[in-house]
Structures are given as structure tokens and as C-alpha cells.
Amino acid sequence: MVALTSYSEDGTPRSTSTISLQVVHTELFEPHKPYEYCTPISRNIFRGDDDDMMPFIPYADDPTFDHVDHTLCYGSFAWQDDDYDPDLEVISLEAAYRLRTVHSLLYQDTDSTGVLPFKLFSTPGKPGLFTLSRRRDLLKWNGTTIPCPYSFPSSLPSHGILQHRLELTHALFCPNLNCIEPLCPVHVETNPVSPPRKQTIRLSELLKRVEHPCDAGCFLQSRTVEVLPRWSEDDIDSFKSILDIEPDMIPCDHAELCFKPCHEILHYRRLLYPDFDELQTECPNGERKGKSRSLEFQVLNAVLDTFHRNEPCHHSGPCDVLSDCLCFKNKAHCQRNCRCPGKCARRWKGCRCAKARDGMSCVKVKRCSCLKARRECDPELCVKCGFEDPETSTCGNSQIQQGHFKKLEVKESRWGAGVFILEPAKQGELIVEYVGELIYEMTFDSRGEVAEHLGRSYVFGLNNTLSLDSSRAGNMSRFINHSGSSGVSSETQCNCRAFARLVNGEHRIGIFAIMNIDAGTEILIDYGPVFFPDQKKNAEAS
């Protein structure tokens, strides 16, 4: 029985009632076994390096862990520094805005002085204060002079208003082909505006294509201009930005984009870009004539041991030492999202494998160029292997980007928690993608001390720059157990293998079946000798 008493507003008891409750007696629940937390994710997350401030000392009460030596991996302790104050961001934005509007000091000049506690503009791998302000609601306070509709630039501003808007829009989207999210926090590549295109068709040839006047102000009807048009500097800058994007366009089309009469467009077109007797029609977009050095690279350089991950190149002319091309410096192929000319000799050409009826094209063909280079096929380049239609794809070398994963379950196995497959899998089919945090070498070393103390590591070496760690964030693949490839029974023999593939310029790891697997079987892989350094030392000593 439970007594309930209700009270009036002045606090005096008003009424009392009783409620009978049913008591259920159950057996004692066994406590859950200890486990480590792990944030569930479905894709890799770029972490880079952990914060140089140590948030806490792990296993400080464990005498077997040298926590004093572990603290040397960090520069300072988080509890010794001042607490983060979000109001300081708002004050810094207000100071930058007043310096710009009251004292006419450019944002980039304020940023270069370092007078503010935050960087205003973003740098590779670290968003600036302007970018962060677009991702949060600014505090309202009486001292602000920033108008509500005002938007800070997320990148260095350009001279033209239209060009500035294009750069702001470009900065919202990730240039990585695996990502379609705006304001992407995963990839660190910047997304610059494409370099200006050069005119390849003479203006006189473009005018001959116009057969009918577009409107009353068309240049066909206004052969002579009595009053010269006067455009503002913003109008001229906007027209220049449009010409940089598409110079080979008739004046009638440019007039619709600029909201100007056609004859005025033609006047400023001739004024800004006078026609040439000779144009680089054979070498568009700044490609230089003569012998190019762009072929000085290895065809199979995408192997993980030699491939250097870099941002998509963006420049005019061929990818060589003169254009300061990142792909040329790293001896890598240009990707589909590179901004170099479309006929660049360094671009990856894709494979020419034939379709297979069993849906495993390219996998069973030893001469597949994509498979040899340890990269997945490209849907726009590999047009013969059946990858152009994801729904009816017959390409077996595109399973990671298409997400052809098997249904899995995590449950108790003979080695603790394990991963079991819920549907049959054929040899060569993708089971699951191994996902986690992309970290650099210094973070790998600091986290490795804790992993060595625990006796568990969830790190895969991805390439010579990044490692993939799923100790803090991952999916069910982190529970896949180890089994040797020889000297064990058929029930405990490894049935899968981890392969790293270059997928649209990004390294990803897939767990593939190396034999036919029945439903209900535990997924096992061979961790390799690097994972067991003690056993390797003992074997070498014996």
C-alpha cells in the first residue's frame, strides 16, 4: 500500500488516499560483463591527432600502467588550462566586425595580426571562427552591432561579389566523391573554385551562331550604340566571374545571366576581352604545347605502400612540375574530382574488363588494372565491366562504394564477443567495411600505449600516413576475432581477409570472404604477425 497526500497552494494537506501495488518477485539478474564503450558509426571519421591537452589520466590507479610516462605524449592537462568560454567567440566576432565596418580593416589583415584569440579563416583540418559561426546560433546581447542577416565569409574574400558568393557556396560542399554532406566534418580537403577557363572560340565565330534576336536590346538590332553603357564595378566583376566559368557563350545567353541588354554585354565583352587572331583552340584551359613531363609516374603507384593521399589538384595546364601539381609531386594518378584539364594524361583511365554473369566481373580477371592497383572501379570510367548501373551491376570490384554488406550479429563466441553472419556468402563477396577514426602517427603512438596495456588493439594500418582506429568509434567489424590460416581446425580457420582499397581517392578497408561461408558461421580473420609482437619475438628467439 502506498499513501498519496495532495497539498493546497499554501502548503497545507488537503486529502490523503491509498493505492495498492502488485509486488512481483523475480530472480536476481546477473551483472553484465565489463565492456568498452564505442560510438556506432557507418563511415570513417577523420580525427587526425588527438588534442594536445590531456583530458584525464587513464588507469591512474592501476600500478601496472605507467601513467606518468603516458602523460609525456601530451603537452598539457585540460584541467590546468582556462575553461572554454563560448562568449569569447561572440566577442571575437563582434571585434572583427567592428574593425571591418568602423575602421575599414580587412578580415584577412585582422587575421594575420593574431590579435584575436581565434583564427577567423579556416585552415586545412581546422575550421576557423567564421566557419564555426555558421554552425551555431549566435548569442543575442545588447552590445552587438552585427545585423541578423549578416553572414561572415568562410574563406578569404575575393574582389567580386558574385565570385565571393560562388566561393561561399563552394565551401559548403565536400569535394570528396564519397561524401555528399554539406559542411562535412570528415574530410579535410578544401573545395576551391575551379581556375578560370580560357576562351577557345573566337568572338566573331560566336556572333555568327546567333540567327535571331533574343529581345529588343539584342546586338542584332542595335548595330550602333549611341550612348555608351555605364556599369558599376560590381556589375563588371560579376561579368568577369561569369566569363571565367564559361567564356565560349553567345552574348544572348550572357545577357540572361547578367540581367543586362545583349548589346551592352557585347560592348563590355569586346572592351574586357578583345578578340584574338589566334586562339589556343588546340590547347584549351592553358595546356602547353610541346613534350609534357606528366607521364613520369608509375602506372601501379596506387599500391598502399607508395600512394600518398593528397587533395584534388586544381590548376591550369598539364599536371607537371611547372603547375605545382600535388598529384605530380606524390606520383599519383589524378582522380575524377581533380580540377585539371579533362584530357590530362595523368588521369586514371579505369579498366576495360568484360561483364560476368555471376556478378563478379574484375574479381576473377587477373589482368584488371583497377584490381592490380588495389582500387575499386569507377562508375564513370569502367564502363565495360557492368558498373554503370548500381542496381544491375555485375562488377565485383565495387562492393565497398555500393554498400553490399552482409547481415551480421554480435554475440558470445568461444573468444568472448564475436561476429556471426546471418546469410550465406560466396567467395569474394564483401562481408562488412571496417570503419573507425582516421588518425596520424603521433595519435597512433599515444593510443597504442593504452591498447598495449589492455591487450586489445583495433587499429588497421591504412597507408603510410593514416591508420584506422575503431577503439572509440566503429561498427560490428571491431568484434571480428582472430584465427590463424593454417594449423587449426576447419571450424576455427579464418574465412575472411581484410583488403584496403582506394575508393574514389579515399582508402577504405573491406572484410571479404576467402571461401564460401554458411549462415550462422563466425567471421574470423588472420590479424597477422604484427599484431602479436610477443609471439614473433619468442619465435625468433627459439
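This is a predicted model: local features need pLDDT of at least 70, side-chain atom pairs count only at pLDDT 80 or more; totals for chains, interfaces and linings use all residues.
User: How many residues does the largest nonpolar core have?

Analyst: F239 belongs to this core and is listed with F219, W231, C252, C262 and I265 as having the most contacts inside it. Two or more residues come from each of α6 (203–208), α7 (233–245), α8 (251–258) and α9 (262–272). A second, separate core has 13 residues, including V419, A425, V432 and I511. The largest core has 19 residues.

User: Are α8 and α9 roughly parallel or roughly perpendicular to each other?

Analyst: Their axes lie 8 Å apart, and the packing angle is about 105°. On the α8 side the contact uses P251, C252, H254, A255 and C258, and on the α9 side C262, I265, L266 and R269. Seven of these residues are nonpolar, one is polar and one is charged. Angles of 65 to 115 degrees count as roughly perpendicular, and α8 and α9 are therefore roughly perpendicular.

User: Nice! Does α7 pass α8 in a left-handed or right-handed crossing?

Analyst: The two axes come within 11 Å and cross at roughly 130°, which makes α7 oblique to α8. F239, I242 and L243 of α7 meet H254, L257 and C258 of α8. This contact has five nonpolar residues, one polar and no charged ones. As for its hand, the crossing of α7 past α8 is right-handed.

Key: Residues are numbered from 1 along each chain as its sequence is written. Side-chain values use heavy atoms; hydrogens and water are left out. A nonpolar core is a set of buried Ala, Val, Leu, Ile, Met, Phe, Trp, Tyr and Cys residues joined through side-chain atoms within 4.5 Å. Buried means under 20% relative accessible area, exposed over 50%, partly exposed in between (1.4 Å probe, protein chains only). Helices (H or I, at least four residues) and strands (E, at least two) are DSSP runs, numbered from the N terminus. Axes are lines fitted to C-alpha atoms, for helices over the stretch in contact, and angles run from 0 to 180 degrees between N-to-C directions. Angles under 35 degrees count as roughly parallel, over 145 as roughly antiparallel, 65 to 115 as roughly perpendicular and the rest as oblique. Contact means heavy atoms within 4.5 Å. Ala, Val, Leu, Ile, Met, Phe, Trp, Tyr, Cys and Pro count as nonpolar, Asp, Glu, Lys and Arg as charged, and the others, Gly among them, as polar. A crossing is left-handed if the near helix is turned anticlockwise from the far one by less than a right angle, and right-handed if clockwise.
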